[in-house]
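Have the chain on screen and follow along.

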Amino acid sequence: LTQLDSDNYSCVVFVTSNVNSEFITDSSVSSSITINVEGPTPDIILTSSTLRLPSHPDYNQTTLTCTATLPLPPEIDELEFDKVFRWTMSSTDVTSDASTPTDPRGIESVSTLTTDFTIAGDIVITCEVTISVPGDPVVSNNSSVTITALGPSNPVQPTDLTVVNINYTEATIQWTVSSISYTPEQYIVLYGLTESSLTQESDMVNGTMELNNIDESYSVVLTNLTHNTVYYYQVRSTNTEGSTNSTTGMFTTEEIIAPTITAGPSDANIFDGESVSFTCTVFSETPVDIDIFWETTAINTLPDATTEMSSTDTYTSTLMINSVDLMSNGDYSCVAMNGGGMDTSTATLIVIVVAISPESVNVSYSSTVTLICEVQSRTTPNVTWTSNTDVTLPSTSLVSSND
């Protein structure tokens, strides 16, 4: 059958009587059916990698894919029919720019068209597929898409500005971009201490390359902020044509409370050669990094102190000095510091060295005399003798007896 065989068909059965009788007559019965023969019409699906794109030469290319399928019933799916693709762009034939269809006599065939759009406006692209069946008129079907080529334009203004995760030194800025006006965009946050002086910049955030997307959300983290400070900010969107700033927002960082020394070191009077320890307890209300260290006015170099966290907000620092000497004399200060300020507590160390003066004696001229100076010290002292006369002093000897 071909389409030319489409018609209304009737079957008629006649019964003729051969008896001359008034009761027996000739009769007939019939039945009709309409046959409509149709050629296979292809199903067409036309898709594009983008429906909006800028006319900018770096981003104005898109690829369209046309898929033609013959919906044949299983009993005749082995039949083959030639499929002819025709591409038009705003009624202009551009078939020569398209790829050769795959498997043009098979069930499914695919052709693609890659093109550049240099002029702003709406362009209608159509893919038409024609099927040729021997003995039948050709059957065709088509599908169209509209590509919008965007003209040069600055970015749209970022909206829905919000600030989240604000702490002492950081804050996260969030915003929304309703649509891409032209080419892909980049974003930075400008911020500062006054609305008229937004001199600091965040890291760069790259926008989407999918130019058809809408209501895209972005965020960036501002770091190294000052605690308890008011900041003003704007989001700047930039593309190949220029920049657009958002409205101005404002936020305040949290305050860092300076640490407090709740129990400072105590003054100490220590004999030369003995050991001494100083301890201070520090309370920090704000959960930020805290620096606890010791300073001294003594000549000796400070040993390393040990600091332990006794609870979530309390620290204990201990400074141990082994075998003090006269150069250990001085003030010892515990210093606790964070971004909110500092606190100091000082203790004084006095190193005790006991010296018992020699007794006065009366002697005869040219006689020999021994003078004894007794010193109580944990370390070997340096003993020096002096005289208020011009006499030359002989050598001295140092004898150790216990302490």
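In this predicted model, three strands make up an open sheet, ordered β11-β12-β16 and paired antiparallel. Its edges are β11 (159–164) and β16 (214–222), each of which pairs on one side only. On average, neighbouring strands of this sheet are turned by 20° against each other, direction ignored; the angle is taken between N-to-C directions of lines fitted to C-alpha atoms and can run from 0 to 180 degrees.

**How to read the terms**
- Strands are DSSP runs of E with at least two residues, numbered from the N terminus, and two of them count as paired if DSSP finds at least two bridges between them.
- Residue numbers start from 1 along each chain as its sequence is written, and local features need pLDDT of at least 70, while side-chain atom pairs count only at pLDDT 80 or more and totals for chains, interfaces and linings use all residues.
- Side-chain values rest on heavy atoms, with hydrogens and water left out.

**Inside the open sheet**
- β11 pairs with β12 (residues 171–179) in the antiparallel sense, over 4 bridges.
- Across this pair, Thr159 stands opposite Thr176 of β12.

**Pairings of β25**
- With β22 (residues 276–283), β25 (residues 314–321) forms an antiparallel pair over 8 bridges.
- Thr281 has Thr316 of β25 as its bridge partner.
- β24 (residues 306–309) also pairs with β25 in the antiparallel sense, over 4 bridges.
- Here Met309 stands opposite Tyr315 in β25.
- β24 and β25 form a hairpin, with 4 residues between them.
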